[in-house]
Each structure stands twice: as structure tokens, then as C-alpha cells.
Amino acid sequence: MWSTHREVAAGDVVIIWQTRELIQPLLITPGKDFNSRFGHYRHSDLIGIPYGSKVASRNGRGFIHILRPTPELWTMALPHRTQILYLADIAFITSWLDIRCGSRVIEAGTGSGSFSHSVARTFHEARAEKAREEFVRHGMQDIVTLTHRNVCKDGFTVENMADAVFLDLPAPWEAVGHAKKALRKDRLTRICCFSPCMEQVLRAVNALNEAGFTDICMYETLLRPHEVQQLPTPLLEKFREEKRLRQIANSKRKREEDSDISGPDKRARTSEPDATRDECGANPPLTGNLPIPQKADDEVNEVAETTVNWSKVCHEVRGHTSYLTFARLVPYPAETSPNGETEDPTATSE
């Protein structure tokens, strides 16, 4: 697909990593410059450096990282011509469709090519041409065949050949029948429909049922990022809790002692001035009444230096993208007609 050399060369497509939210592709062209809020860089300065290098700007305003493109990085960096599939959906679809090396996959609705790049590793006409240029630039022209075609009306250009079909269309139910013709009949094959609305899911499920697909199910993938922090161990809280329990026990014992005193003695005791009060009548702070065990210096240092990793779910979670509807097409044994010809029992008359 992309360059497999260790160093960056002229004509390579590289990924410029500036921040987690600012990632973009760059075609290395000698004589051109790259400018961002992190500084000024000449393409010629990037030629010959190893992939993964940290490059400082010429004007000292910052630095960038030069990374080798991967399908995951390309999904994060590609120019959005349409709404794209992200890594969570791509990984789930690739696994459920059982896509592996040598599988033949049909994708209807290539769009920006995010899913196509991931499938190649294991359109609106203008978008199709743009995607074709990217496939050629990335060395995928022998793996990906791009066709601009209305598959809902005209169907696919192949029959009985695909191992899986992926439909990213506004009306996938209109292409289910054509997808069935394109799928192989000699083995178990799979189909996936990518739909943002539940109404689309319902119509797609009905079409899949009518076409003879089985094991129809729908999933929704959501990301739940976890924030990990390193915090001091809660041993200090344990010491505070032990002190609080001692105070409660002392107070309870004092109340029990007061309840054993007779009435007159109790009145006499309560009428006496409290020697522990200061001249303003306020109680002085408690000092020395509650013994706190003294810790050795090395033990205190050990408590202060011990830390614990805490994990919690972030408050902001990426919302819904689309629903994924999957189904399987079970192969049927071929039947022989009276004249000796082989008939496909899954074929539908139109």
C-alpha cells in the first residue's frame, strides 16, 4: 500500500501528527513548504529522515512527528468528502464479515474511502474519481477496483463471486437483491448494511428476510474512553477514619459515665463552671486528648510515595454514528433440471 522504506522519500504520503486532534496527510514534494501553528517546515528537510521522527520547526515554534500511514491513521487524517466510518465500526464490520487475506469484498458507497483502506490491508462521481486517485497514489490499484455505478438500479458488475458485501447507502434495501446475486453460492457469505436511522434498519431487515438471508441482527458501537490518573494511596484517609472512630468511642464512653451519676450530683456538676473554658466562654481546641500513633520517618515517607492508578469513564462520550445490520447467506446445493442443466435455487425471477 504505502511506502515500506525506513526513511521518507520524495513522493511519499506521510502523516503529520501535531496534536491528538490535529492530524493530516502530506505528500512530500521537494521545493514545497509546510506551515502550521507549530512552525515552518521544508519538505526537503523531511526527505531521508526515519519514519516516526520528531522534527523541530525551522523558526523554533514547535515540532511535529512524521509517521508512516496506516489504515487507522488514515481514518483519523483523511479529508472528509462524506461522513466516514471510524475505527470502532470498521473493526467490528471486518470481524463480523469474516474478511481475511484473499476475500473478495463489495463495498457500495465508498465515499471518502475510510473503510476501503482498512479492507485493502487484511460514489458520487467526483468523490469516486478522488478516491481512485488516492488508491493509485497509495499503491492500491491492484487491490481495489473502483466503479461509479447506481447499484440500487443497475446492480453490481459481478455475480456469484464476492465473499462479503458492505452497503453504505441511503436505501440499502434496494440493493439487497443485487447483493445476493453478487455473493458466492458455494460457501457461507455475509452482508452488512450501515444505516444512521432506525427506519432504514427496519426496511433493510425486511428486504433481507424476503431475500432469504438468515441470522439477521443489528448492533450499535459506542466508544467509552477511560481517563487514567495516578493518585496518592488512600492510607491517609484510613488514618483519619481511625481517628474519627476513636473520637466516637470516647464520646460514647463519656455519656455512659455521666448517666451513672445521681441527679443532685449531676446538677451540681453541671452548675459548676467549666474549668476548660476560656474567658470568652469558648471551648479550647482539643489537644492531647486523642493520642495519634506516631509513625516512623521511613513509614511516613513510604505512605507519601505510594501511588495508585485510578480509572474513570470520561463525561464526554462520542455519540451515535450508525446502526450495523448483519446477515448471512447460507449456500444451497445446486439442483439439476430435467434437461441436465444446473439451476441455482437461490436465484429470483425478475
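Me: Before I look at the sheets, what makes two strands pair?
Reply: Two strands pair if DSSP finds at least two bridges between them. Keep in mind that this is a predicted model.

Me: Okay, so what is the order of the open sheet with mixed pairing?
Reply: That open sheet has 5 strands, and they go 7-8-9-13-10. The edges are strand 7 (105-108) and strand 10 (214-219), each of which pairs on one side only. From one strand to the next, the twist averages 15°.

Me: How many bridges join strand 8 to strand 9, and do they run parallel or antiparallel?
Reply: There are 4 bridges between strand 8 (residues 164-167) and strand 9 (residues 189-195), and the two run parallel. In that pair, leucine 167 stands opposite cysteine 193 of strand 9.

Me: Which strands does helix 3 touch?
Reply: Helix 3 (residues 87-96) packs on the sheet and touches strands 8, 9, 10 and 13. Its direction makes about 10° with that of strand 13 (323-329).

Me: And helix 8, what does that lie across?
Reply: Helix 8 (residues 198-211) lies across strand 9, strand 10 and strand 13, at about 5° to strand 13.

Me: Switching topic: what's the strand order in the open sheet of 4 strands?
Reply: The order there is 2-1-6-5, with antiparallel pairing. Strand 2 (23-27) and strand 5 (54-56) are the edge strands. On average, neighbouring strands of this sheet are turned by 35° against each other, direction ignored.

Me: What joins strand 1 to strand 6?
Reply: Strand 1 (residues 13-17) and strand 6 (residues 63-67) run antiparallel and are joined by 3 bridges. Isoleucine 16 stands opposite isoleucine 66 in strand 6.

Conventions
Residues are numbered from 1 along each chain as its sequence is written. This is a predicted model: local features need pLDDT of at least 70, side-chain atom pairs count only at pLDDT 80 or more; totals for chains, interfaces and linings use all residues. Side-chain values use heavy atoms; hydrogens and water are left out. Axes are lines fitted to C-alpha atoms, for helices over the stretch in contact, and angles run from 0 to 180 degrees between N-to-C directions. Contact means heavy atoms within 4.5 Å.
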